[in-house]
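Visitor: Hi! Could you walk me through this protein?
Guide: Happy to, let's bring it up.

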Amino acid sequence: MRKFFQEIKADLKFKTAGPGQKLSEPSRVPKEKPKAEEVPKPRQGPTDEAQMAAAAALARMELKPKAKVSSSQEAIKNQVRKELMAEAAASEKGLSAEEKDVTSPDKEGAAVPAVSGVYFICPLTGAVVRKDQKEKHLREAIQSYFSVDPVAASIMEIHTFNKDREKVRVGVETMAKYLDNIYLHPEEEKYRKIKLQNKVFQERISCLGGIHRFFQAIGFETKTLPVPGQGKKSKYTTEEYYVLKEEMLTKLEDLKDYKEQLLSSEPVKAQLDRQLCVFKPSPQAARFELPNDFYNLTAEEIKREQWLRTEAVEKASMLRTRAMREKEEQREMRKYNYTLVRVRFPDGYILQGTFYAQESVSVLYSFVREALREDWLPFELLGPGGLKLTDENLAFNECGLVPSALLTLAWDAAVMADIQASGEEQPASALKPELLSRVQTLS
């Protein structure tokens, strides 16, 4: 069977265009079934649709971008995972019963809720945490790392928990200038002192969380120093300074490395857990009961919205213009941060995943493809009414696929005909065996 799949795949790759090329016109025959008395014609090559689907799949596999992560940042993350492994294990033991239902596989056939909330994966510990616990967990993970590498931990704190990215950029660049001056002019004492009440320092740097721990970690200490006074009675007054320790003058290359780390680092972001589930065929596939995590509103606001909508629906349907309806639909779409999507396969099995409402549909195609035994098989996703999702660059909320959606997967007819004509034994389901081993019953 696999040999036959490889032949089909090779045939598709030979007959499809590469990225940026036009497809050559294949010879085709109408898809009409031959009459009983006619001699069947030899199998033809894949259809235009099959070729285009295969070309897109091959292009995606060949051109899939790889995330660029600096070596220093990757080393930090690896070290965090190693140092916090015990803590993550202890945290996992303390998961609530609700969280355990999500993070551990269920027995085959066990009835479980479709989704209990929105969950994230911590990139530092690998722990799965609920949305409302995400920031707290990240803070604790970074805080734990201070005992391992205080410089790296303080840099992560600066970039992760200061939400105004423009302020972070300005503050980081200003700090980099301070360190550059020290590195380039180590003999100049004035560059080794930073007045804390300096206007630039106060406006650009001191306002950022994590800054003071960074200065302490790279070798600065706080000192009260005398400065010339402006009053007639007093010649001197005192002010607070950050002063670089003398021993750091022998470690100027370290200061340069700290500066580069500070400039190149990015916020530590928890990854959305797709909560991939596979369900047996069920008449409940179109029924969605979503937790409040999926809405950009409080529970009280959601209830009020539903009450107002029910009360005004008849009147509004009579008075609203098309433009007004479209504007209201766009406003409704912005209420959702996440969406729960189910894809029903031709054999009835249902694949489910959680996505950001503003992610592109291409992410969903990749999600489905990764769940297949043979990821090269071309397919289409159909929305309500059989509408094809052809533009993969559109976001879920732009397609109206929020806060939930049931889609149907359709295989390429020509390719499936070739597979059936081969006479080879086909697997019971196109999904990977490891996913089928965790199949659940949709409650």
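Guide: We'll talk about a strand, the nonpolar cores and some salt bridges. This is a predicted model, where local features need pLDDT of at least 70, side-chain atom pairs count only at pLDDT 80 or more, and totals for chains, interfaces and linings use all residues. Residues are numbered from 1 along each chain as its sequence is written, and side-chain values use heavy atoms, with hydrogens and water left out.

Visitor: Which strands pair with β10?
Guide: β9 (residues 338-344) runs antiparallel to β10, joined by 7 bridges, and β8 (residues 277-279) pairs with β10 in the antiparallel sense over 3 bridges. Pairing requires at least two DSSP bridges between two strands. Tyr 338 stands opposite Tyr 356 of β10, while Phe 279 has Ile 350 as its bridge partner.

Visitor: And what do β9 and β10 form?
Guide: A hairpin, with 5 residues between the two strands. Gly 348 in the turn has a positive phi of about 100°.

Visitor: Switching topic: how many residues are in the largest nonpolar core?
Guide: It has 44 residues, and Phe 345, Leu 364 and Val 368 have the most contacts inside it. A nonpolar core here is a set of buried Ala, Val, Leu, Ile, Met, Phe, Trp, Tyr and Cys residues joined through side-chain atoms within 4.5 Å. Helix α14 (361-370) is among the contributing elements, and gives the largest share, 5 residues.

Visitor: What does Val 368 touch?
Guide: Leaving out residues up to four places away in sequence, Val 368 touches Val 343, Phe 345, Leu 351, Phe 379 and Leu 409. Contact means heavy atoms within 4.5 Å.

Visitor: Now charges. How many salt bridges are there?
Guide: The count is 12, taking a side-chain nitrogen of Lys or Arg within 4 Å of a carboxyl oxygen of Asp or Glu. One of them joins Arg 130 and Asp 293 at 2.8 Å, N to O. Arg 130 is in strand β3 and Asp 293 in the loop between β8 and α12, so this pair ties together parts 163 residues apart in sequence.

Visitor: Is Arg 130 buried or exposed?
Guide: Buried, with a relative accessible area of 15%. Asp 293 is buried too, at 14%.

Definitions and conventions
Helices (H or I, at least four residues) and strands (E, at least two) are DSSP runs, numbered from the N terminus. Buried means under 20% relative accessible area, exposed over 50%, partly exposed in between (1.4 Å probe, protein chains only).
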